[in-house]
Amino acid sequence: MLEFCRILLPLVAVLCFLWAAWNCAVRVLFPSKAGVAPVATGQTPLWKPALLCLGAGLVVQLLFVIWACRRGTYDSVLEALEAQFYGNTDARHYLDLAAYGYGTGEAFPEQYLMIVFFPLFPGLLRLLNVFGWFDYRILALVVQLPLFCAAGTGLFALVRRQYDEKTAWRTLVLLVISPASVFFWAPMTESLFLALSVWYIMALQKGYWGRAAGLGVLAGLTRAPGGLLSGLAFLYLFQNWRRNGKRPPVASLPAMLAPALGLGLYFGLNAAIYGRWDQYSVFQWEHWGQKLGLFTDTIRYHLSYLQLWWDDNRSAAVWICLAAVICIMLAFGLLAAAARQLPASWLGYGLAYLVVVMGATWLISGPRYAVALFCLPVALAALLRGHPRVTWGVASALFACNVAYTIAYLSHQPIY
């Protein structure tokens, strides 16, 4: 049975990818005359989706604090949080980078390896704490609330502009209850990256080229897939050219190239510290066996480890292997199912994003990577339009998975 799954599931994933990629190519090369629908009057003010995001974040972070304090005896809430969470995820690395920066020394353990983490989030923490008034353990947690509010309101506004208000609300709710949404409120980069991504696309679609360029550079400095936003911009501008017969303005070129520039600046940081632009990839391979691969291989090796670990390491089998396989299959399946309902540029970006992040040679954070891909909840929300009962069923299932995933994360299961 396992051997059959190791053949069937990669094949299904490839077929989903090919179907979605074909639709993307056709719609870019031969676009319809209909563009983005005009924004309707009487819109919901953005403070309402922001309030939803803030409320959800406060609930989850309060759960963090209560859970941490009840799991042991600590002298302070900070000690409880550090012992329960920061020491078990990449959060501690971002905090160390904010406090000490990059380098080849030992200002903190394994400082020389920390170049594998992108600079914008720790740089933001350092900027907010320029006078040293705050403890980074608290600051890194608190800053997630406004960051996710920015991400949620940006996604809401973007989807409303493309579809309608009901779809925008549905998308936002699906995002909040997604199984790995817990990472939006932990000291990680998901909220920051999602916020920069959606507001970059919004600026691009409105023709705010300078704003788009600035946001694009920042996205490229936040995470590696940020550079893929240049591809999204290219598809969007090329499709508009094909549709309207008018070349994009010269000012759109910097906006299109900005995310790639941000990624290039990160490469420059590697070169400045180590004398090699891709030093991060050397460390990733030497210390974690990590490099780019094929998502089909990811499915195969996780199925093999799932069988190997099922009896003696079931936590890893479930929360690393099974979660990764389900995540990959659902992500490609969603994009394929919504291939004709998503804007072509969003679809192309989503496919490229999944190919890059899910093709890692040792993928242990698949759900966390997927939750920052804005077009996944959009695709699901678009598919659920006109199906209220199905929507309630899907939302209930997602929320149940969210609760299970969050409890597993709080219980120190292998969720990274």
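Helices here are DSSP runs of at least four residues, numbered from the N terminus. One of them, helix α2, covers residues 47-70 and holds Trp67. The model is predicted.

**Overall build**

The protein has 19 helices and zero strands. Its C-alpha atoms fill a box of roughly 65 × 55 × 45 Å along the principal axes. How does the radius of gyration agree with that of a compact globule? With 416 residues, such a globule would have a value near 22 Å, and the protein has 21 Å, so the two agree.

Buried residues make up 52% of the 416 residues. Contacts across the sequence also matter for the picture. Take the contacts between residues at least 6 apart in sequence: 76% of them join residues at least 24 apart.

Is Trp67 buried, exposed or partly exposed? Its relative accessibility is 22%, so Trp67 counts as partly exposed. Leaving out residues up to four places away in sequence, Trp67 touches Phe85, Ile407, Leu410 and Ser411. Gln84 lies 17 residues from Trp67 along the chain, and their C-alpha atoms are separated by 8.6 Å.

Now helix α4. Its buried residues are Ala91, His93, Tyr94, Leu95, Leu97 and Ala98. An α-helix has 3.6 residues a turn, so residues three or four places apart point the same way. The cover over the buried residues of α4 includes α3 (77-86), α5 (120-128) and α6 (136-142). After α4 comes Gly101, with a positive phi near 85°.

| Pocket | Space | Lining by class |
|---|---|---|
| Largest pocket | About 1,300 Å³ | 23 nonpolar, 11 polar and six charged residues |
| Second largest pocket | About 790 Å³ | 25 nonpolar, one polar and no charged residues |

The largest pocket is lined by 40 residues. Nearest its centre lie Val116, Phe117, Gln284, Gln290 and Tyr369. Several helices give two or more residues to this lining: α4 (91-100), α12 (252-274), α13 (279-288), α16 (344-357) and α17 (366-371). Which helix gives the most to the lining of the largest pocket? That is α13, with five residues.

The second largest pocket has about 790 Å³ of space. It is lined by 26 residues, and Pro179, Ile326, Cys327, Leu330 and Leu398 are the closest to its centre. Here the elements that give two or more residues are α8 (165-176), α15 (314-337), α17, α18 (375-384) and α19 (388-410). The largest share comes from α15, with nine residues.

**Cysteines**

A disulfide is a covalent bond between the sulfur atoms of two cysteines. How many disulfides does the structure hold? The structure holds zero. Cys16 is in no disulfide, and the nearest cysteine sulfur, that of Cys327, is 14 Å away. Cys16 is buried, with a relative accessible area of 18%.

Cys53 counts as buried because its relative accessible area is 1%.

Technical notes: Residues are numbered from 1 along each chain as its sequence is written. This is a predicted model: local features need pLDDT of at least 70, side-chain atom pairs count only at pLDDT 80 or more; totals for chains, interfaces and linings use all residues. Side-chain values use heavy atoms; hydrogens and water are left out. On a 1 Å grid over the protein atoms alone, a cavity is a set of points where a 1.4 Å probe fits but cannot get out, and a pocket is an open set with protein on both sides within 12 Å along at least five of seven lines; lining residues have an atom within 4 Å of a point. Grid points are joined across faces, edges and corners, and a volume is the space filled by probe spheres set on the points. Ala, Val, Leu, Ile, Met, Phe, Trp, Tyr, Cys and Pro count as nonpolar, Asp, Glu, Lys and Arg as charged, and the others, Gly among them, as polar. A disulfide is a pair of cysteine sulfur atoms within 2.5 Å. Buried means under 20% relative accessible area, exposed over 50%, partly exposed in between (1.4 Å probe, protein chains only). The radius of gyration is taken over C-alpha atoms; the globule rule is 2.2 Å times the number of residues to the power 0.38. Contact means heavy atoms within 4.5 Å.
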